[in-house]
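Biologist: I'd like to learn how to read a model like this one. Could you walk me through it?

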Amino acid sequence: MATSYDVIVVGLGGMGSAAAYHLAERGQRVLGIDRFAPAHNLGSSHGGSRIYRQAYFEDPAYVPLLLRARELWEKLATDSGREVFTETGGLMIGREHSEAFAGTLASAHQWGLDHEVLGAADIRRRFPTFTPAAEDIAFYERKAGIARPEETVTAHLDLARAHGAELHFAEMVLGWEADGPGGKAWVVTDRGAYLADRLVIAPGAWAPKLLSDLGVRVTVERQVMYWFQPEGGTTSFTPDRHPVYIWEDPDGTQIYGFPALDGPEGGAKVAFFRKGVPSDPDTLDREIHPDEIAAMADHLRSRLPALPGRFLKGAACMYANTPDEHFVLARHPDHPQVTVACGFSGHGFKFVPVIGEIIADLALDGTTEHPIALFDPRRVRV
Ligand SMILES: Cc1cc2nc3c(=O)[nH]c(=O)nc-3n(C[C@H](O)[C@H](O)[C@H](O)COP(=O)(O)OP(=O)(O)OC[C@H]3O[C@@H](n4cnc5c(N)ncnc54)[C@H](O)[C@@H]3O)c2cc1C
């Protein structure tokens with residue numbers, strides 16, 4: 001007879017590691033399983049930095065979750081002793097009617113969030129590394145900053161283990177089964193089979209494989225992160241002088257970037273938001289090609305002219321997109337003992353700690369006090 005757990009968490013990336021921690025912290029007997037190593041770089045939660053912001057152009061309904069996430073980021077830093085979050089301020093630059101500027105401003109008004117609106121001359125004066133066009137305008141939010149993906153996953157895994165969770169790595173889940181209401185759930189891996197009262201599935205870009213019966217079309221997209229050493233060094237790009245940013249062009253193209261986080265010899269990271277190539281997670285092109293690097297350097301030259309000094313490195317990552325780019329976070333509509341968390345559509349990391357809390361609520365109670373109506377899979381089920 002297989003060992004029986006209270007909860008099995010499949011996938012210990014950003015979301016699964018947070019879920020394992022919150023469940024173990026609530027006294028559950030947790031088994032976590034991941035096919036790769038802890039805090040690996042083969043999924044969606046690597047590359048050293050993720051933007052956190054509070055005003056949210058994607059939909060103002062995310063704002064209360066972001067406020068709770070910020071409290072939990074602080075608690076996680078204290079409990080783990082790790083630097084999981086750094087406040088840097090954030091700039092959303094674009095034309096007056098751009099999604100990045102106007103959408104962000106609307107959500108700030110709706111929720112009464114602190115902010116400043118800066119004209120092009122103000123942006124150039126306060127943040128001289130940016131050279132906006134005269135028609136550009138920016139939303140500035142002091143409370144925006146950087147979440148650290150590898151540190152965060154490691155912190156959650158360590159704390160989950162400290163609360164008694166059993167964590168298996170380099171073990172691949174081949175399938176799962178749920179018997180029906182009230183029944184237990186089975187997980188079969190390349191090493192064995194496990195039984196639990198509840199199952200959490202947080203498979204990132206592998207959702208099309210592990211959650212095919214959910215009926216939500218999750219499209220995996222290759223996304224490249226680029227690190228450049230700025231011309232003249234990193235002095236003007238340090239986190240105390242240089243905010244995180246999203247910059248939208250009149251044609252809707254968005255880039256986003258970070259200050260330099262790896263000392264004077266390091267670089268500052270920048271990337272295009274969306275518009276990636278559809279891919280399969282098991283055959284993802286992880287090589288970064290010269291034409292991609294040149295396209296990014298060209299794009300930066302008129303916007304952050306010092307940044308594309310010297311290309312240092314690049315890395316591929318994956319978005320797992322739902323049709324409307326909102327998350328899927330719910331009990332599985334056909335299996336109440338299974339909670340699913342997927343389709344974070346390239347903007348999930350800033351929410352990681354609160355998603356962990358919500359997964360624990362859903363798995364244990366079937367409901368949560370957090371507002372998650374937007375994430376119901378039935379909205380996009382085919
Ligand atoms: C380039 C890039 C930039 C981003 N920038 C931002 C940003 O600035 N701000 C932001 O908020 N978000 C950002 N995101 C999005 C954010 O990082 C993701 O939404 C988040 O990391 C997704 O976490 P996850 O747990 O769903 O996936 P993952 O962290 O990939 O975890 C899924 C886990 O499931 C495991 N798994 C899958 N299948 C199996 C199996 N069969 N058996 C066992 N284990 C399995 C995988 O090994 C993996 O560890 C970015 C993403 C990328 C790629």
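Modeller: We'll go through the ligand, a pocket and an aromatic pair.

Modeller: This is a predicted model, where local features need pLDDT of at least 70, side-chain atom pairs count only at pLDDT 80 or more, and totals for chains, interfaces and linings use all residues. Residues are numbered from 1 along each chain as its sequence is written, and side-chain values use heavy atoms, with hydrogens and water left out.

Biologist: Which residues come nearest to the ligand?

Modeller: A residue is near a molecule if one of its heavy atoms lies within 4 Å of it. Here 33 residues are around the ligand, and Asp34, His40, Ser45, Cys317 and Lys350 come nearest. The shell divides into 17 nonpolar, 11 polar and five charged residues; Ala, Val, Leu, Ile, Met, Phe, Trp, Tyr, Cys and Pro count as nonpolar, Asp, Glu, Lys and Arg as charged, and the others, Gly among them, as polar.

Biologist: And what about polar contacts?

Modeller: Those are pairs of N or O atoms within 3.5 Å. A side-chain N or O atom of His40 is 2.7 Å from a ligand oxygen.

Biologist: How much of the ligand does the protein bury?

Modeller: Accessible areas come from the Shrake-Rupley method with a 1.4 Å probe. Alone, the ligand exposes 1,000 Å², and the protein buries 97% of that.

Biologist: What is the volume of the second largest pocket?

Modeller: On a 1 Å grid over the protein atoms alone, a pocket is an open set of points where a 1.4 Å probe fits, with protein on both sides within 12 Å along at least five of seven lines; lining residues have an atom within 4 Å of a point. Grid points are joined across faces, edges and corners, and a volume is the space filled by probe spheres set on the points. This one has about 210 Å³. Of its 13 lining residues, Tyr226, Phe272, Lys275, Gly276 and Glu292 are the closest to its centre. The lining has five nonpolar, four polar and four charged residues.

Biologist: How many aromatic pairs are there?

Modeller: Rings of Phe, Tyr and Trp (its six-membered ring) pair if their centres lie within 6.5 Å; planes under 30 degrees apart are stacked, over 60 edge-to-face, the rest tilted. The structure holds 20. One of them, Phe130 with Trp247, is tilted, at 6.1 Å centre to centre and 35° between the planes.

Methods: Polar contact = N/O pair within 3.5 Å; in protein donor to acceptor, adjacent residues only side chain to side chain.
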